[in-house]
Amino acid sequence: MAGFLQAKELNKVYHSERAPVHALENIDIDITEGEFICIVGPSGCGKSTLLRCMAGLEPISSGRLALQGKDIVTPPKNMGVVFQRDLLLEWRNVLDNVLVAAEFHGYDARQYKERAKELLALFRLSAFVDRYPRELSGGMRQRVSICRALLTDPQLLLMDEPFGALDPFTRDELNAELQRTWLATKKTVVFITHSITEAVYLGDRVLIMSRNPGRVEKIIPIELQRPRGAAVQDTARFAEYVVDIRETFRELGIYKG
Ligand SMILES: Nc1ncnc2c1ncn2[C@@H]1O[C@H](COP(=O)(O)OP(=O)(O)OP(=O)(O)O)[C@@H](O)[C@H]1O
């Protein structure tokens, strides 16, 4: 297990009152440090399960899953997570919501105040530091969540459909901001999305999953130059990647059209 984040013959079975659910079957993934990996797949193929296992929030059933060679059994300190629902604390202002990450890891939040303000500035939220979540738009709330995930400077950032609930304009804006931050910090990012175009725009590689049971079907390297401006989405090369991924889903019987 030499890579930064590796899964080897990973299986995850949920046991409930009904029949067991084989959510992940023989998953092999090898992610290099600094890589941006996007995961796409139909509903129920195990994307969130995989991410929760990586976050140490869900135990695996068999195989291995390791971060820097160390089995993941509890949430690694070296990791930040962003979920689709922003999970902001309504009774705390923006700054204090970002500082939650320090408290979660048992650090002294006061020592992270300056860092939190820097991150909020980077995500154009300086004017909102003392506002409450209810005063923010959906895009702003998700920016706060990203700042929170980045606060302790983790090497690994796990993102589960973070922009899925946002309108397309805000989504494009946040994708561009995320790319900029990633280029500046070179964190390793695992990003789940339902959007093929989002995956191609952001990813160094796009990992395609299928369901029943959840499997990795294909991994496609995206060789588009960085930084990728919004206009890259209008190029023939970009369209080829999108078509290739759609074709794969068609072959898997996931797209009928
Ligand atoms: N806690 C659980 N107990 C039992 N089964 C579960 C549990 N969580 C998920 N599953 C099942 O595991 C499979 C994978 O679910 P998961 O949420 O990981 O898929 P997903 O690809 O993230 O779906 P979506 O795109 O809709 O969010 C599904 O069949 C789901 O019903």
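Just past the end of α1, Gly 56 adopts a positive phi of about 75°. The structure described here is a predicted model. Its chain is assigned two domains, domain 1 (5-78 + 155-251) and domain 2 (87-153).

**Surroundings of the ligand**

- The ligand has 13 residues around it, of which Tyr 14, Ser 43, Lys 47, Ser 48 and Thr 49 come nearest.
- Two or more residues of this shell are supplied by each of β2 (21-31) and α1 (47-54).
- The most is given by α1, which contributes three residues to the shell.
- Sorted by class, the shell around the ligand holds eight polar, four nonpolar and one charged residues.

**Helix α1**

- The buried residues in α1 are Lys 47, Leu 50, Leu 51, Cys 53 and Met 54.
- Viewed down the axis of α1, the buried residues lie within an arc of 160°, and therefore they line one face of the helix.

**Contact between the domains**

- The centres of domain 1 and domain 2, taken over C-alpha atoms, are 24 Å apart.
- Eleven residues from domain 1 and eight residues from domain 2 take part in the contact.
- Helix α5 (residues 168-185) provides five residues, the largest share of the side of domain 1 that touches domain 2.
- That side of domain 1 comprises six nonpolar, three charged and two polar residues.

Note on methods
Residues numbered from 1 in each chain as written. Predicted model: local features only at pLDDT ≥ 70, side-chain atom pairs only at ≥ 80, totals over all residues. Near = placed C-beta within 6 Å. Helix = DSSP H or I, 4+ residues; strand = E, 2+ residues; numbered from the N terminus. Nonpolar A, V, L, I, M, F, W, Y, C, P; charged D, E, K, R; others polar. Buried ≥ 20, exposed ≤ 12 C-beta atoms within 10 Å, placed from the backbone. Arc of directions from axis to C-beta. Domains from an automatic or database assignment. Contact = placed C-beta atoms within 7 Å.
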